[in-house]
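I am keeping these notes while I look through one structure, entry by entry. I begin with a single residue and then widen the view.

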Amino acid sequence: MIARDDITGLILAGGRGSRMGGTDKGLQPFQGTPMVEHTLRRLSPQAGPMLINANRNPDRYAAFGVPVIGDVIPDFAGPLAGMLAGLAHCQTRWMVTAPCDTPFLPIDLVARLAAAIATENADIAVPVTVDADGRRRLQPVFCLMPVTIADGLRAYVEAGNRKIESWITSQRLAQVMFEDALAFANINTLDELRQHEADAGPG
């Protein structure tokens with residue numbers, strides 16, 4: 001079984017925030033607290049060292065007491081670039097990722113992904129949820145992976161590839177079913193942010 005202290009947690013906050021008017025999503029308040037802080041509170045007890053991948057406002061992110069790293073690939077190349085940056089700084093044998101705009105992520109996320117890797121002899125693990133219409137959906141930005149995967153990911157990204165699901169499904173993958181699809185909901189727009197706040201009630 002993978003030990004918690006041998007897993008680095010990486011919060012992905014390096015996007016453009018295009019659908020949120022270009023704002024830095026991780027710093028947007030949710031119930032009065034920046035979204036990245038909600039994610040940090042939920043993920044950090046599940047891992048050892050923590051990192052934040054951010055390409056803007058590094059000083060503001062550093063105020064959360066976690067090392068901040070930027071993409072090594074320019075022009076906001078997407079979550080795979082953030083993962084690649086995390087792997088380059090990772091000092092443990094494993095890394096788990098989560099986006100900064102998911103304040104409801106499960107508190108047993110890492111334990112269940114790690115158990116699936118051990119049980120299925122997989123290389124990486126991601127959650128799977130079921131949509132309201134019954135369709136299975138991979139959640140590839142929530143990913144537990146070994147640092148040894150870095151060279152393969154680097155080659156994929158440097159070849160100009162950006163589709164995270166294509167890369168994930170090309171690996172020896174464990175898919176872990178989670179019943180609560182809301183736990184993996186991304187908050188991409190200000191309207192979604194307000195709706196989730198209303199649904200969640202007082203913080």
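**Entry 1: an aspartate in a loop.** I looked up Asp180 and found that it counts as partly exposed, because its relative accessibility is 44%; buried means under 20% relative accessible area, exposed means over 50%, and partly exposed lies in between, with a 1.4 Å probe and protein chains only. Asp180 sits in the loop between β10 (173-177) and α7 (190-200), where helices (H or I, at least four residues) and strands (E, at least two) are DSSP runs numbered from the N terminus. A polar atom of the Asp180 side chain lies 3.2 Å from the backbone nitrogen of Leu182. I also noted that Asp180 and Phe104, although 76 residues apart along the chain, have C-alpha atoms separated by 9.8 Å.

**Entry 2: what kind of model this is.** I must remember that this is a predicted model, in which local features need pLDDT of at least 70 and side-chain atom pairs count only at pLDDT 80 or more, while totals for chains, interfaces and linings use all residues. Residues are numbered from 1 along each chain as its sequence is written, and side-chain values use heavy atoms, with hydrogens and water left out.

**Entry 3: the whole protein.** I found seven helices and 10 strands in the protein, and of its 203 residues 51% count as buried. Among contacts (heavy atoms within 4.5 Å) with a separation of 6 or more, 72% are between residues 24 or more positions apart.

**Entry 4: helix α3.** Is α3 largely enclosed by the rest of the structure or largely open? I found that eight of its 11 residues are buried, so α3 is largely enclosed by the rest of the structure. The buried residues are Leu80, Ala81, Gly82, Met83, Leu84, Ala85, Gly86 and Leu87.

**Entry 5: α3 against α5.** Helix α3 (residues 79-89) packs with helix α5 (residues 150-158) at an angle of about 145 degrees, and their axes are 10 Å apart; axes are lines fitted to C-alpha atoms, for helices over the stretch in contact, and angles run from 0 to 180 degrees between N-to-C directions. On the α3 side the contact is made by Leu80, Met83, Leu84 and Leu87, and on the α5 side by Ala150, Leu153, Arg154, Tyr156 and Val157. I sorted the residues of this contact into eight nonpolar, no polar and one charged, where Ala, Val, Leu, Ile, Met, Phe, Trp, Tyr, Cys and Pro count as nonpolar, Asp, Glu, Lys and Arg as charged, and the others, Gly among them, as polar.

**Entry 6: the two sides of α5.** Which residues of α5 are buried? I listed Ala150, Leu153, Tyr156 and Val157 as buried in α5. They cover an arc of only 125 degrees around the axis, which puts them on the same side of α5; the arc is that of the directions from the helix axis to the C-beta atoms. An α-helix has 3.6 residues a turn, so residues three or four places apart point the same way. On the other side of α5, Asp151 and Glu158 are exposed, whereas the buried residues of α5 pack against α3 and α6 (164-169). After α5 comes Gly160, whose phi is positive, near 95 degrees.

Entry 7: I turned to Thr8, which is in strand β1 (residues 7-13) and counts as buried, because its relative accessibility is 2%. Its side chain makes a polar contact with the side chain of Thr92 (2.7 Å); a polar contact is a pair of N or O atoms within 3.5 Å, and within protein one must be able to donate a hydrogen and the other to accept it, while residues adjacent in sequence count only if both atoms are side-chain atoms. Not counting residues up to four places away in sequence, Thr8 touches several residues, including Ala47, Leu51 and Trp94.

**Entry 8: an alanine in β10.** Ala174 is found in strand β10 and is buried, with a relative accessible area of 0%. Leaving aside neighbours within four places in sequence, I found Ala174 in contact with Ala116, Ile117, Glu120, Ala122, Ile124, Ala125 and Val126.
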